[in-house]
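Hi,

Here is the structure I said I would pass on.

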Amino acid sequence: MNAGQAAGADVLPLRPHAAAQETHIRIAGATKVYQTADGPVESLKPITLDIARGEFVVVVGPSGCGKSTLLKMAAGLLSITEGSISISGREVTEPADDVGIVFQSPVLLPWRNIFRNIMLPVEMRGLDTSKYEPRARQLMQTAGLDGFDRKLPWQLSGGMQQRAAICRALVHDPSILLMDEPFGALDAMTRERMNLELQRIWYSTGKTVLLITHSIPEAVFLADRVVVMSERPGQIAAIYNVDLPRPRPLTVMGTPEFAAMTQTIRAHFFAQGNVDA
Ligand code: ADP
Ligand code: MG
């Protein structure tokens, strides 16, 4: 039994899918130096991190420390300067089929309606659209987008567009989800609902999740492990296991264990004198 887990018949395993301890994402000394007109900009010092299949890892860190850079490298959207990142043992050199990505802004195609935007990954991969359409509709319902399928992106609020982007990342049922501050633009209540829903999806499907957030409570609520990064050039300052029982209700945020963990993580940012998370 894990620490902090209450005894009882209805207690579920903390990491139902990570038990195999198979490394799904391996970040091995990956660095990033951007070449700019003003010369090289060192963005990331060597980052080394193994993420197990089915694990939920959340990254927090000050603005500009290289979080988005790391995520884009893992997604195959940005070259890695030194070191490597591999997924299921294969080095990442281009965007992988089995990955869903959610960016900070929704980036929907303005000329496609919401439903066709959400179905885009299915079409791009040449998958059977009729097979995935029910899934897209179910995701839309979960995200509170029922009835908006024929609307164009500009007809939706920013928060609804971001929820559509999350549906789009999930529609082809990828085994890895990479999420860059996906809930930052949402109002507090929608954000909590999306946190719960993401936990439910993760818990029931065993996806491997690497998520970036500015919110320390959100990090602790969602994560198996919280990775704390230090200022640019970013590196890993600390990694914390979050052994709160699963699935976590929102009320877990009121517990002393939760408060202690958020305090510990917050202390990193006060120590750095740069509180951005
Ligand atoms: P974060 O997501 O943690 O806020 P980023 O990964 O976006 O940080 O950026 C990390 C650092 O790299 C920042 O200091 C930023 O100025 C720099 N950077 C990001 N993208 C580029 C780019 N395309 N060219 C040059 N420098 C960049
Ligand atoms: Mg960023």
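Start with helix α1: its buried residues are Lys67, Ser68, Thr69, Leu70, Leu71, Met73 and Ala74. Buried here means under 20% relative accessible area, with exposed being over 50% and partly exposed in between (1.4 Å probe, protein chains only). Seven of the eight residues in α1 (residues 67-74) are buried, so the rest of the structure largely encloses this helix. Just past α1 comes Gly76, with a positive phi of about 80°. Helices (H or I, at least four residues) and strands (E, at least two) are DSSP runs, numbered from the N terminus.

Before you go further: this is a predicted model, where local features need pLDDT of at least 70 and side-chain atom pairs count only at pLDDT 80 or more, while totals for chains, interfaces and linings use all residues. Residues are numbered from 1 along each chain as its sequence is written, chains are lettered from A and ligands numbered from 1 in the order in which they are written, and side-chain values use heavy atoms, with hydrogens and water left out.

Now the whole chain. The protein has eight helices and 10 strands. Its radius of gyration is 19 Å, close to the 19 Å from the globule rule for 277 residues, so the chain is as compact as a globular protein of that length. That radius is taken over C-alpha atoms, and the rule is 2.2 Å times the number of residues to the power 0.38. The C-alpha trace spans about 60 × 50 × 35 Å along its principal axes.

Of the 277 residues, 49% are buried. Taking contacts (heavy atoms within 4.5 Å) between residues at least 6 apart in sequence, 69% join residues at least 24 apart. The accessible surface comes to about 12600 Å², and carbon and sulfur atoms account for 53% of it. As for charges, the mean positions of the 27 positive and 28 negative ones are 4 Å apart; Lys and Arg count as positive and Asp and Glu as negative, with His and the chain ends not counted.

Helix α6 (residues 188-205) has 18 residues and reaches 26 Å from its first C-alpha to its last, close to the 26 Å expected at 1.5 Å a residue. The expected span is 1.5 Å times one less than the number of residues. Among the buried residues of α6 are Arg191, Met194, Glu197, Leu198, Ile201 and Trp202. The helix's buried residues pack against β3 (56-60), α4 (129-142), α5 (158-170), β7 (176-180), β8 (208-212) and α7 (216-222). After α6 comes Gly206, which has a positive phi near 75°.

Most residues other than glycine have a negative phi, and most peptide bonds are trans.

- Ser88 has a positive phi of about 50° without being a glycine. This residue sits in the loop between β4 (82-87) and β5 (90-91) and is partly exposed, at 42% relative accessible area.
- Glu181 also has a positive phi, near 45°. Glu181 is in the loop between β7 and α6 and counts as buried at 13% relative accessibility.
- Arg232 to Pro233 is a cis peptide bond, omega near -5°, with Pro233 in the loop between β9 (225-229) and β10 (236-241).
- Arg246 to Pro247 is cis too, omega near -15°, and Pro247 lies in the loop between β10 and α8 (256-272).

Cheers

Conventions
Accessible areas come from the Shrake-Rupley method with a 1.4 Å probe; for residues, only the protein chains shown count as cover. The place of a charge is taken as NZ of Lys, CZ of Arg, CG of Asp or CD of Glu.
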